[in-house]
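Me: I would like to learn how to read a protein structure, one feature at a time. Can we work through one together?

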Amino acid sequence: MNDTYRHKGLRKKLIQSIIAKGIQDKRVIDALSILPRHYFMDKAFEEKAYEDKAFPIGSEQTISQPYTVAYQTELLEVKKRDKILEIGTGSGYQAAILALLGARVYTVERHLALHFRATKLLKSLGLEGIRTYHKDGYKGIPEFAPFDKILVTAAAEKIPPDLLYQLKPGGVLVVPVGKEVQYMKRLTKKSDGRFKEEILDRFKFVPFIKGLS
Ligand code: SAH
């Protein structure tokens, strides 16, 4: 793996475009600036790694658009040592961003091939604090709950109740909800166990699918 001047230059431009689209959190911007996105993509798409677009990663899945990664990460308001559950490891890129922000990341993927590839890549990058699991994200990871934050990176038609259970009081769930298109939702768990719900911008994610593959 090689992060050349050319990659760095393209990445700088990408980051500027993300800032122009409204991302403000300096720590999120720094994490995206540091992490080479082309490491997480097939060689065939390497030239495109610094376009603000989603791209195929195999198993009919995509690495999310960088703006979307930045948007979801900003909404999570990640603090150092936060224990975060990510649903949909995919390429591992989002998990790596969370780890760079100092979070303890538990990430689950339903596709075995993607799980293996991301696990190997994240290990080779030497990023600390990421644990990967081949699991159905619908159920979360009860044995490691509760979590400070939960991030869903696939489109949910309905929010799985298990994920709501597995949040700490004060915890935050960020999830795109909807069928064809989704609205980003941020749910914050109150001390009485009820939720404050914010409905935000529109996005298009790959579907959240039950069961393993
Ligand atoms: N966060 C990823 C985005 C991947 S796209 C990245 O940074 O690259 C969403 C991923 O969610 C896909 O890989 C898909 O296989 C996975 N997914 C969908 N339903 C799931 C489920 N029930 N459990 C776990 N992962 C799921």
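**Reading the backbone, core and pocket**

Reply: Let us start with a residue in a loop. Arg-81 sits in the loop between α3 and β3. Keep in mind that this is a predicted model.

Me: What is the phi of Arg-81?

Reply: Start with the general idea. Most residues other than glycine have a negative phi, and most peptide bonds are trans. Now the case here. Arg-81 is not a glycine, yet its phi is positive, about 75°.

Me: Is Arg-81 buried or exposed?

Reply: Exposed means over 50% relative accessible area. Arg-81 has 56% relative accessibility, so it counts as exposed.

Me: Which value does phi take in Glu-60?

Reply: Glu-60 has a phi near 60°, a positive value in a residue other than glycine. Glu-60 belongs to the loop between β1 and β2. Its relative accessibility is 78%, so Glu-60 counts as exposed.

Me: And the peptide bonds? Is the one from Ala-145 to Pro-146 cis or trans?

Reply: Look at omega. For the bond from Ala-145 to Pro-146, omega is near 5°, and the bond is cis. Pro-146 is in the loop between β5 (130-134) and β6 (147-152).

Me: Let us step back. How many helices and strands are in the protein chain?

Reply: The chain has 6 helices and 9 strands. Its radius of gyration is 16 Å, close to the 17 Å that the globule rule gives for 213 residues, so the chain is as compact as a globular protein of that length. Along the principal axes, the C-alpha atoms fill a box of roughly 50 × 35 × 35 Å.

Me: What share of the residues is buried?

Reply: Buried means under 20% relative accessible area. Buried residues make up 51% of the 213 in the chain.

Me: Where is Val-174, and is it buried or exposed?

Reply: Val-174 is in strand β7. Its relative accessibility is 0%, so Val-174 counts as buried. Now check its contacts, leaving out residues up to four places away in sequence. Val-174 touches several residues, including Gln-72, Leu-75, Ile-150 and Met-184.

Me: Which residues have the most contacts inside the largest nonpolar core?

Reply: They are Leu-32, Phe-40, Tyr-93, Ile-97 and Leu-98, in a core of 45 residues. Several elements each supply at least two residues of this core, among them α1 (5-20), α2 (26-34), α5 (112-124) and β7 (167-177). Take Ile-97 as a case. Leaving aside neighbours within four places in sequence, Ile-97 is in contact with Ala-31, Leu-32, Leu-35, Val-69 and Thr-73. Another core lies apart from the largest one. That other core has 19 residues, including Val-108, Ala-154, Leu-167 and Val-175.

Me: Which elements supply the lining of the largest pocket?

Reply: Five can be named: β2 (61-63), α3, β3 (83-87), α4 and β4 (104-109) each supply at least two residues of the lining.

Me: And by class, what does the lining of the largest pocket have?

Reply: The lining has 15 nonpolar, 14 polar and 6 charged residues.

Technical notes
Residues numbered from 1 in each chain as written. Predicted model: local features only at pLDDT ≥ 70, side-chain atom pairs only at ≥ 80, totals over all residues. Heavy atoms only, no water. Core = buried A, V, L, I, M, F, W, Y, C linked by side-chain atoms within 4.5 Å. Buried < 20%, exposed > 50% of the residue type's maximum accessible area, 1.4 Å probe, protein only. Helix = DSSP H or I, 4+ residues; strand = E, 2+ residues; numbered from the N terminus. Contact = heavy atoms within 4.5 Å. Nonpolar A, V, L, I, M, F, W, Y, C, P; charged D, E, K, R; others polar. Rg over C-alpha atoms; globule rule 2.2 N^0.38 Å.
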